Amino acid sequence: MASRKRGRSEFEGGEEEEDFDAQLRKEYTQKVLQQQKLILVLDLDHTLLNSASFSKVDEEERLYLEKIYDWQEKAPKRRKLLHKVESLQVWTKIRPFAFKFLEEASKFFDLHIYTNGREIYAETMAKLLDPTGSLFKGHIFSRDHNCMKAMKDLDTVPGDESITLIVDDSDYVWPKKHHKNLIPVYDQYRFFRSSTGLFGLRESSSLTSKKKDEVATKATLAKLLEGLKRIHSEFFQEYGCFAGDVRQTMREVKGHALSGCKIVICAKTQAAHELLWDSCQALGAECVVDIDDTVTHVVVASKQQPQGLELSAQAGKYLVWPSWIHTAHYRCCRPDEAAFLWRKLE
């Protein structure tokens, strides 16, 4: 593993140290490419799993969790998704499809974990996801590895940025220089009630409150895997085992996802409108202000019905939530609108 770069003012021979790090990074990159793989850096919380402190789980939620936990104990052949981690005093729920996702992704990517949690938390969660250590192979990074603490950085990860993809539910924890490597997972996994407050949501929106979970085959990770495979395939078709730039490949793959779609955006604020507009254009869609006969989709970022929406529905246009756009980003193709329809209009 390449060590972090340090400034020459910290010690003698700083330039030699940086040269050595660069050489290690180059060798690691070549090794990964020779295996027909890319590097994939994965976030933990709200991406692959969700954790909640014992102290933040009330009696009602605890009884529900205990019921699930006891049911798991009676099915020893089934892989456990809910864990009571006594050493850390937390409940941890692994996201549906996570095991299959990691198993499949490891065939195409060199897997790394990167969390803003402490090292002991990162190591413990890695063992739940990868008990044998065969998937991550010790590539586990935490805030203890990063002097920036609040921010993540690819300088910590071995291998060149040009063959590295990042999957994270939060883009703000990565510096802008790494955003071209990032596949944001906007559908955060919020299983526990205490997790909803982090996103300004009501506890009733948590999965434990609804007493349900994601359906594995239709879950976010299953869709994400499709997109990652598309990017991997396009990269090696273009570059083979030679050094290319996966950021360029990802931009090109995404740039065709919504090709042929003409979209009008209905959002509450100008800022939200601009974000969705830019996101649609990055996916190859054409965005316009007014609804006419050529418009194919209306993206509605509001629970209240904007004026004129009934006519759009009657004209056969798709009325969809912004999550349709978000899914297109990590699936790298046009999602089936049926799962994202705004609502049926009378």
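A pocket is found on a 1 Å grid over the protein atoms alone: it is an open set of points where a 1.4 Å probe fits, with protein on both sides within 12 Å along at least five of seven lines, and its lining residues have an atom within 4 Å of a point. Its volume is the space filled by probe spheres set on the points, which are joined across faces, edges and corners.

The model is predicted, so that local features need pLDDT of at least 70 and side-chain atom pairs count only at pLDDT 80 or more, while totals for chains, interfaces and linings use all residues. Residues are numbered from 1 along each chain as its sequence is written, and side-chain values use heavy atoms, without hydrogens and water.

Now select Y186, D187, P322, S323 and H326, which lie nearest the centre of the largest pocket, lined by 49 residues. Its volume is about 2,000 Å³. Highlight α9, the source of the largest share of this lining, six residues; helices (H or I, at least four residues) and strands (E, at least two) are DSSP runs numbered from the N terminus.

Finally, colour domain 1 (30–248) and domain 2 (256–339): both give residues to the lining of the largest pocket, so this pocket lies between them. The domain bounds come from an automatic or database domain assignment.
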